[in-house]
Amino acid sequence: MMFQTEDKDRRAVGRWLLFMAFMVFAMVVVGGATRLTESGLSMVDWRPVTGVLPPIGDDAWQAEFAKYQQSPEYKLKNYHMSVEDFKGIFYWEWGHRLLGRLIGLFFFVPMVWFWAKGRVPDGYKPRLAALFVLGGLQGLMGWYMVMSGLVDEPAVSHYRLTAHLSLALLIFAALFWTALSLLNPKPAGGTPLLKRLTHTAMLVLVLQLVMGALVAGLKAGHIFNTWPLMGETFVPEGLWFMEPWWLNMLDNAITVQFDHRIGAYVLTILVVVIGFMAQNAPRETKNAVYLLIGAVGVQMLLGIIMLLKEVPVSWGTAHQGGGVLVLAAIINLMHKQRGRIAK
């Protein structure tokens with residue numbers, strides 16, 4: 001009877017964390033749309049409690065718009081904007097922040113309830129506490145990012161944007177892995193070589209996601225909107241014009257887009273190799289490999305279409321969401337092959 005109760009608690013907490021991972025996925029997608037609609041700097045202050053509600057009534061909208069009119073973005077870029085135009089970008093940023101608040105609420109309240117009822121499985125209390133702290137840090141990181149665009153230039157720091165997105169993906173990965181550990185405590189297994197290749201693919205993906213964030217921050221997707229060539233050549237000119245050389249990896253939009261393309265090719269080839277190496281793996285592991293191959297293929301296609309269409313909001317948002325799904329697919333495959341029963 002005790003074991004049945006423990007198993008029931010594991011499933012309940014696991015399903016809750018899986019739902020939280022889905023909410024973070026939605027947050028990343030909405031964040032991509034907010035960035036692509038250039039709405040992220042529409043709210044020039046951070047009010048964690050009173051900012052839950054949008055402006056209500058004409059006077060409140062005029063007051064909010066007056067604050068925005070003091071920002072660099074309005075003065076240098078959107079000086080022609082009306083209150084009605086302002087509402088269009090405001091609601092994207094407000095919705096993004098509201099979803100962040102809901103994630104915090106939907107995590108904190110069930111966590112306290114599971115904790116108080118003694119239903120948190122052994123060994124998971126520190127993980128839940130760490131996840132809650134990471135969520136709070138993500139809120140601070142988001143405001144720290146926005147602040148960089150409210151000073152002189154109407155653009156957020158691409159370093160801060162990369163940190164903000166990377167932390168969101170870390171939180172997603174931790175939620176998803178923990179949920180899988182609770183819902184599927186027994187590993188399926190795999191060969192040592194397959195496991196090494198999967199870990200290598202995860203490393204490549206992490207670098208690829210970071211480069212993707214830099215592409216977004218530098219708006220590097222708006223240059224060289226051709227494929228497979230960048231302009232008229234595969235390797236474009238201007239890759240190394242910055243000094244010292246390593247700055248090109250972080251600040252040169254041409255280099256960042258080129259690296260992101262190469263990373264996509266490397267990851268695709270690696271995943272195909274994993275597919276060949278998984279032929280004798282257990283069925284669950286093999287199915288996870290096929291899921292990963294499909295996710296990478298779709299993401300590659302989304303990236304090409306997005307680039308050729310010069311990064312419209314719809315395709316750009318889909319590509320950002322696709323990156324999270326590829327991350328989930330690799331986490332799932334890694335989890336199937338873990339070396340011992342997860343706690």
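Is Glu-64 buried or exposed? In this predicted model, Glu-64 is buried, its relative accessible area being 5%.

1. Glu-64 and its partner. Glu-64 forms a salt bridge with Arg-47, and the closest N and O atoms of the pair lie 3.6 Å apart. The bridge joins distant parts of the chain: Glu-64 belongs to helix α2, Arg-47 to the loop between α1 and α2, and 17 residues separate them.

2. Lys-67 pairs with Asp-45 in a salt bridge whose closest N and O atoms are 2.8 Å apart. Here too distant parts of the chain are linked, with Lys-67 in helix α2 and Asp-45 in the loop between α1 and α2, 22 residues apart. Lys-67 is partly exposed, with a relative accessible area of 31%. Asp-45 counts as buried at 19% relative accessibility, a value to be read against a limit of under 20%.

3. Glu-38 forms a salt bridge with Lys-77, the closest N and O atoms being 2.8 Å apart. Glu-38 lies in the loop between α1 (2-36) and α2 (58-68), and Lys-77 in the loop between α3 (72-76) and α4 (83-116), so that the pair links distant parts of the chain, 39 residues apart. Glu-38 is partly exposed, with a relative accessible area of 35%. Lys-77 is likewise partly exposed, at 29%.

4. Helices α9 and α10. The axes of α9 (residues 253-277) and α10 (residues 283-308) come within 10 Å and cross at roughly 155°. The helices are therefore roughly antiparallel to each other, the threshold for that class being over 145 degrees. The crossing of α9 past α10 is left-handed. On the α9 side the contact includes Gln-257, Arg-261, Tyr-265 and Ile-274, and on the α10 side it includes Val-289, Leu-292, Met-300 and Leu-307. By class, the contact has 10 nonpolar, three polar and one charged residues.

5. Helices α7 and α9. For α7 (residues 192-218) and α9, the axes come within 9 Å and cross at roughly 155°. This pair is therefore also roughly antiparallel, and α7 passes α9 in a left-handed crossing. The residues of the contact divide into 19 nonpolar, seven polar and one charged.

6. Thr-162 in α6. Thr-162 lies in helix α6 (residues 158-183) and counts as buried, at 9% relative accessibility. Leaving aside residues up to four places away in sequence, Thr-162 touches Val-210, Ala-213 and Leu-214. Thr-162 and Gly-217 are 55 residues apart in sequence, with their C-alpha atoms 7.2 Å apart in space.

How values were computed
Residues numbered from 1 in each chain as written. Predicted model: local features only at pLDDT ≥ 70, side-chain atom pairs only at ≥ 80, totals over all residues. Heavy atoms only, no water. Salt bridge = Lys/Arg side-chain N within 4 Å of Asp/Glu carboxyl O. Helix = DSSP H or I, 4+ residues; strand = E, 2+ residues; numbered from the N terminus. Buried < 20%, exposed > 50% of the residue type's maximum accessible area, 1.4 Å probe, protein only. Axes fitted to C-alpha atoms, helices over the stretch in contact; angles between N-to-C directions. Parallel < 35°, antiparallel > 145°, perpendicular 65-115°, else oblique. Left-handed = near helix turned anticlockwise from the far one by under 90°. Contact = heavy atoms within 4.5 Å. Nonpolar A, V, L, I, M, F, W, Y, C, P; charged D, E, K, R; others polar.
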